[in-house]
Each structure stands twice: as structure tokens, then as C-alpha cells.
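Please look through the notes below with the structure open beside them. They are set out as numbered points, each on one topic.

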Amino acid sequence: MCCLGLANCVDPADLLLRGTLNVVVIDGTITNLVEPHVILLNRSTADPLTGLPGSVPITKAVVEVIVDSAKVVLAHETLDGHYHLPSDFAGEIGHAYQLRVTLAGGARYVSTQQTMPSVPPIARVRAQFNPTSLPQNQRINNFYAAAHEVYIDTQDPRSQANFYRWDWKLWEQQEWCRTCVQGQYSINKVLTLISGNGLEYYQTGDSLFEDCFYPRPSSMQPSLPFFVYDYKCRTQCWAILHSHELNVFADTYSNGGLISARRVAQIPFYQRAPCLVEIRQSGLTPTAYRFYKQFQDQTQTNGGVADSPPSVVVGNIKNVADPQESVVGFFTASAVSTNRYWLDRKDSQGIPPGLFMALNDREPTPEPSFPAAPAIYIITTRADKPPYTAVCSPTDSRTPFKPDGWRD
């Protein structure tokens, strides 16, 4: 349920957190793919007046996944509140998984056991440009509504109940790699030196830095006015964006039939350049489907997190000592079928906002080039002079590694 890169991302946990305080949030999904498996632990800090959700990570917990009631797989905390299972871990269809969490204070939480169901392959993918696709609450900068609507076909298996969830992952070519607020990007470490008359000045040293340099406060230097500088990528770089709405389905009335022309994505028209879309078709357990379906229905009814709060949807994680404690989130196991689709955007119309504008709600502000002076003057002995380009550091929302399926 974790969504990255989109301001309008609808997270079921956020919906439930409106108007609540001090609630434990535990969330994670096991798939049959060798991919990052992350268990998220947070505690809500929702504003009691506005109801707007916020959270702080829960650290130093012991997080374990129990496989078939026997094998224990330990997750390690890599970032505050982010607990990663081993990099080579992948679930298996037909096997059962249960989450066990012990907080630093001793509180213990367990999920119900989830047996991973199978999922059919995606048979066909197609996309169609729609200049008015995005609803008002999803439009870029409250204006840009154009998107490519992605449709799939899949053959539903006969003689069994199947529950589906669709989401997507998107790679966009990225031009700008770093933003420095009240600072300047430097390739080498910046040293603060003292001149003969006692004034401070800045000069680069020999060691690599590749980061924003922020001058320290000093009584010798006047305070700087507010400024922001943006830096282009030095190498190829891709932004990674994720889906922003729940999309679930049960085959109750179409068992064994062809699921045809199911809309599974609306890819915003960020820029004219082509992009790569991964469609993910997940098989849900019955309990996971009911959980997500309630949130999907409430989101459609209420119009989103800005409207009245929905009723509490009970997840499948409980406090062992206090079963009455409200715990937000869900732990489940889902087999996933994927299809990577090259979206060339040749049928697009109109002028897109640009990726930087779409993600930052402003145009980029490059560091001034000579003869214009930057806010901070740094002496450098490098052959290449500032403004520099920035490295494309790999994160959850960015990668310097060409995605499989990308076309140059």
C-alpha cells in the first residue's frame, strides 16, 4: 500500500488515520517475485483538529515472517520503519505466511495466516490517449488532465474463486537529479577556511563529496536570502513512479470468462518522451480482497481523503496481549503476474507540464553560470567549473540503472 512519487496517492492507512492519534500502522505484502519485500511500521500522529494524517516510523522492532508455521525469516531495518526481508526472498504459491512483530517496548503483534493464491498471466495490454482522463483530484497541478489509459485482457480460471488487484510502476526519463535548498551542489568536499583578515571563505578539497554544501552560520558572514538551485543529471536517470488508486475485482459473476478491456492504469501525460509501464496483476486472498474492496468503495463514495473520514476497516493484525487495540494495515501474500509495456506516446495531443513541473509544482531553477554569481562563492581547482551536474543516486523513486524493457 505504500505509494511513492504522486501527491494524490490514496493509501488505505491514510484514510483510516483521519482524526485518530497514536495508532500503530503495520503493512506489507509477500509476492512470488524476487523483488524488495518491505514491512512498514509507523505510528500515526494525525492532527486532532484537521484530521490530516501524519506518522513517525517505529524503529528497533523485531520483524519476522513465518512460512508454513515453521520457517522463520527475519527482516532487517534498513531505513527508519522500513524492514526488508533478504534480497533473494520470494514467496511461493500455495504456501502460508504470517507476520510477527515485536516492538522495542515489548508489545507483540501477529497477523492472520495468508496462503498465497495463484494468478493467471496478463494476455494483452493496450493503451489509449485521453485528454480528459484524470479526475479533478488527480490532475497535475489541478489543471493537466491528460493521460494514457491502459487496458488488459486476462483469462479467469474456471471452477475457483479469484480475486484480483491491479497496480502499476512507471519509469520516466529524468533530466534533473538534485535540488539544494539554501545550498549548492559540489563534486568535492567544501572546506571552510579563514583568510588573513579573519573572513571566512570556501574552497574545495580533494575528497569526493557529491552532495549539497550548506554554509554554516557565522557572525562573520551575512545571512543569505532564500534560494533553491536544481542540478541536471550527469548520466542517464529514471524516475520511478507508482499507481495512486485501489483497483480490485472479484470474479463472482464472471468465473472462468475472459476479463476483457479492464482499465488498470491512467498514466499521466508528464512529458512527450516515451516511458515504460509495468502492469502488475495480483491474486488476492479472500480476506485481503474484502479489506481493499471496502477502502476502494469508501474512496469512490467519499471522493478521497479530503472529504469526510470513512468508517474503520478492520485489518488482519492484532496485538497479542490486547486484541481490542486498533491496528491499521494489512499483511498478505499475493502471486503477481507482470507485463512491461512500452508507451511511445505517439498518439498524445497538447502540451504536457514536463516531469519536473509535475513532480515539484514549479519550473527548475539552475545555479547561475558565469558571469552571473551564485549565492555562495566557492573557490575550486577543478578543470570543470560549477554549476555541476549531479549524480543519479538510486532511491525508491529514482534509478541510474536502465530498466529491463527500456528502449533507447
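Are Tyr185 and Tyr231 buried or exposed? Tyr185 is buried, and Tyr231 is buried too; buried means under 20% relative accessible area, exposed over 50%, and partly exposed in between, with a 1.4 Å probe and protein chains only.

1. Basis of the model. This is a predicted model, in which local features need pLDDT of at least 70 and side-chain atom pairs count only at pLDDT 80 or more, while totals for chains, interfaces and linings use all residues. Residues are numbered from 1 along each chain as its sequence is written, and side-chain values use heavy atoms, with hydrogens and water left out.

2. Confidence. The average pLDDT of the chain is 89, and 88% of the residues score at least 70; pLDDT is the predictor's confidence in each residue, from 0 to 100. Residues 1–10 have a pLDDT below 50, and this stretch has 32 contacts in the model beyond near neighbours in sequence. The pLDDT is also below 50 over residues 15–19, a stretch with 27 contacts beyond near neighbours in sequence. A contact means heavy atoms within 4.5 Å.

3. Aromatic pairs. The whole structure holds 16 aromatic pairs. Rings of Phe, Tyr and Trp (its six-membered ring) pair if their centres lie within 6.5 Å; planes under 30 degrees apart count as stacked, over 60 as edge-to-face and the rest as tilted. One of the pairs is Trp166 with Phe249, tilted, at 6.2 Å centre to centre and 40 degrees between the planes. Trp166 belongs to strand β12 (residues 163–173) and Phe249 to strand β18, so this pair ties together parts that are 83 residues apart in sequence. Helices (H or I, at least four residues) and strands (E, at least two) are DSSP runs, numbered from the N terminus. Trp166 counts as buried, at 1% relative accessibility.

4. The tyrosine pair. Tyr185 and Tyr231 also form a tilted aromatic pair, with 5.6 Å centre to centre and 40 degrees between the planes. Tyr185 is in strand β14 and Tyr231 in strand β16 (residues 228–232), so the pair links distant parts of the chain, 46 residues apart.

5. An open sheet of three strands has the order β14-β15-β25, with mixed pairing. Its edges are β14 (184–194) and β25 (378–379); each has a single partner strand, so one side of each is left without a neighbour in the sheet. Two strands pair if DSSP finds at least two bridges between them. Strands β14 and β15 run antiparallel and are joined by nine bridges, and Thr192 has Tyr202 in β15 as its bridge partner. Strand β15 (residues 200–213) pairs with β25 in the parallel sense over two bridges, and here Tyr202 stands opposite Ile378. The hairpin of β14 and β15 has five residues between the strands, and Gly198 in it takes a positive phi near 90 degrees.

6. The sheet with β10. Another open sheet has three strands in the order β10-β11-β19, paired antiparallel. Phe129 stands opposite His148 in β11.

7. His244. The loop between β17 (238–242) and β18 (248–250) contains His244. His244 is buried, with a relative accessible area of 5%. The side chains of His244 and Gln138 are joined by a polar contact of 2.8 Å; a polar contact is a pair of N or O atoms within 3.5 Å, where, within protein, one must be able to donate a hydrogen and the other to accept it, and residues adjacent in sequence count only if both atoms are side-chain atoms.

8. Pro86. Pro86 sits in the loop between β6 (82–84) and β7 (96–102), and is partly exposed, with a relative accessible area of 32%. Leaving aside neighbours within four places in sequence, Pro86 is in contact with Val73 and Leu74. Pro86 and Leu74 are twelve residues apart in sequence and 7.8 Å apart in space, C-alpha to C-alpha.
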